[in-house]
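Please look through the structure below before reading on.

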Amino acid sequence: MSEHKYTGPVAGLFQKLADKMGKDVYFVNFLILMFFTFFEVAAVYVTGLSVNLVWAILIGIGIIKIYGIAGFFMHLKGDPIIYTRTAIFPLLFAALMLWGIGLSNPASIMDLPNWCTPDWDYSYVTN
Amino acid sequence: MVMTFIYGAFYIIAGFFNSIRPEDHGHDDNGDGYGDHHGSASPILMATGLLFFMMGFQGFVKTTKAMLGIDIAADYVGFAISCAGFIILIIGIGNWWREDLIGAKEQVALGKPFGGQHIRKAGMWVFLISEVMVFASFFSAYLRMRTGWCTQWAVDAGRCKTVDTTTASDLLRHDIMTLLPGAVNTFALIISSYTIVLALKTAKDVDWKPSETKWVRRLLPTRQKAVRNYLIATVLLGSLFIILKIIEWSHLVAEGFDIGTQAGSIFFIATGAHGLHVFIGLLVMLFMIFKADTVGYDEKNGHGIEYFGLYWHFVDLAWVAIFPAFYLY
């Protein structure tokens, strides 16, 4: 971990905020993570939102938090690119697992669209 | 099976002897002031110990139950294998900690793709890859089951008519008091991620000076004590996580939501595996506090905090996914 100035559209914004506050970028990241966690919990209690909208909010906030933790706390933004590649590599397999196993339930009551459900042969289910 | 054991034995023996062999001098000197680096036998010892511990674990459970008077046949062979594995594991951990206290040069990777990078850091990232896969398997299993359940969410969304499965979130998210442990835990992990960043930052800051604010100066009087106290804060927050987890689980079990149901099984396995990661992190941090208080962390050996921090941040990352999926959804 080395102290350096972050650049780029998002990381640069973090850096600008940090410079404005007279703090380091980790502190700004910490505040942003705390804020979005409040928002995350609150979203579930707001009435009148559809299930899909709540899900979209939760996923959106999750992505922001993952960016903050992996990018700044785990220092992927400042480390050589090989570490980012190493971090992304298993996500491919994780995505395959989520698609191939997670979304392959033949008895799904969620009526998942065909494009996201694997076309497996489910004969083993009855056999 | 025989081939597996042969390969396993080969790797254990060859790995052990390779690890204790002195390295060529000078080829990875990164000028950090320590003496010649060492090959460490600790990883192979710990892996071997864990292998034997798990191999005999079933026998360990049976024999322990038999000793407690439960009507079950003891398996002394499995018990012995498991105990031997545990002893090897403890020796490996002890050796690792001893070596870490003595200190050694950071070994630098020579080949692609991590050429020029510290081997321990690259190793930690590769380890985290495997961790991602562990949690991905929990999530894919959960998603598969969840899409088949008629939960309150599915009913509200008009996708089915009668609730057939109660999830943990059904029992937790409707009342602020029942959701509170999970919510507080989320904040505790994020704050602990920041405190370990502060510990690392302080350790590496050669120009560190005590704060001018009186109460901060009392808490963090010197660089060495500041690092130690940040680590203590991290341990306290991690301990809070475990305590709240136990409270929350007790509530769920009292509500009749236990591991015997499909929803309970995936919930307790996923959150339990995460809790186990937190617990292991706490054990490692106890050692780090000891080291911070005795040997001390500075700009030369602060890498230890950085690499452990990667693990701790990953635990936080996993919670970022677990909390909404299991508590809010």
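Two residues count as being in contact when they have heavy atoms within 4.5 Å of each other. This is a predicted model, in which local features need pLDDT of at least 70 and side-chain atom pairs count only at pLDDT 80 or more, while totals for chains, interfaces and linings use all residues. Residues are numbered from 1 along each chain as its sequence is written, chains are lettered from A and ligands numbered from 1 in the order in which they are written, and side-chain values use heavy atoms, with hydrogens and water left out.

Thr271(B) lies in helix H11 of chain B, residues 262–293; helices here are DSSP runs (H or I, at least four residues), numbered from the N terminus. Thr271(B) counts as buried because its relative accessibility is 0%. The terms for accessibility are buried for under 20% relative accessible area, exposed for over 50%, and partly exposed in between, with a 1.4 Å probe and protein chains only. Apart from neighbours within four places in sequence, Thr271(B) has contacts with Lys245(B), Trp249(B), Ile322(B) and Tyr327(B).

Thr202(B) belongs to helix H8 of chain B, residues 176–204. With a relative accessible area of 5%, Thr202(B) is buried. If residues up to four places away in sequence are not counted, Thr202(B) touches Trp208(B), Arg223(B), Ala226(B), Val227(B) and Tyr230(B).

The next topic is charged pairs. Side chains of opposite charge can pair when their charged atoms come close. A salt bridge is taken here as a side-chain nitrogen of Lys or Arg within 4 Å of a carboxyl oxygen of Asp or Glu. Over all chains, this rule gives a count of 10 salt bridges.

One of them joins Lys121(B) to Glu306(B), with the closest N and O atoms 3.1 Å apart. Lys121(B) sits in helix H5 (residues 119–146) and Glu306(B) in helix H12 (residues 303–328), both of chain B, so the pair ties together parts that are 185 residues apart in sequence. Lys121(B) is buried, at a relative accessible area of 7%, and Glu306(B) also counts as buried, at 9% relative accessibility.

Glu306(B) has a salt bridge with Lys204(B) as well, at 3.3 Å from N to O. Because Glu306(B) lies in helix H12 of chain B and Lys204(B) in helix H8 of chain B, this pair ties together parts that are 102 residues apart in sequence. Lys204(B) counts as partly exposed, at 22% relative accessibility.

Another salt bridge is formed by the side chains of Asp293(B) and Arg228(B), at 3.0 Å from N to O. Asp293(B) is in helix H11 of chain B and Arg228(B) in helix H10 (residues 223–254) of chain B, so the parts tied together are 65 residues apart in sequence. Asp293(B) is partly exposed, with a relative accessible area of 43%. Elsewhere, salt bridges that share partners join Asp79(A), Lys121(B), Lys204(B) and Glu306(B) into one network.

Now consider the domains of chain B. Chain B is divided into domain 1 (1–105) and domain 2 (111–329), with bounds that come from an automatic or database domain assignment. The C-alpha centres of domain 1 and domain 2 of chain B are 26 Å apart. Six residues of domain 1 of chain B have contacts with 10 residues of domain 2 of chain B. Across this interface of domain 1 and domain 2 of chain B the rule finds one salt bridge. Asp100(B) and Lys291(B) meet through their side chains in a salt bridge of 3.1 Å, N to O.

The last topic is the contact between the chains. It takes 52 residues from chain A and 53 residues from chain B. Chain A and chain B bury about 4,800 Å² between them, of which 76% is on carbon and sulfur atoms; buried area is the accessible area (1.4 Å probe) that two parts lose on being put together, summed over both. The rule finds two salt bridges across the interface of chain A and chain B. The side chains of Asp79(A) and Lys121(B) form a salt bridge of 2.6 Å, N to O. The elements that give two or more residues to the side of chain A that touches chain B are helices H2 (25–45), H3 (51–73) and H4 (81–102) of chain A. The largest share of that side of chain A, 13 residues, comes from H4(A).
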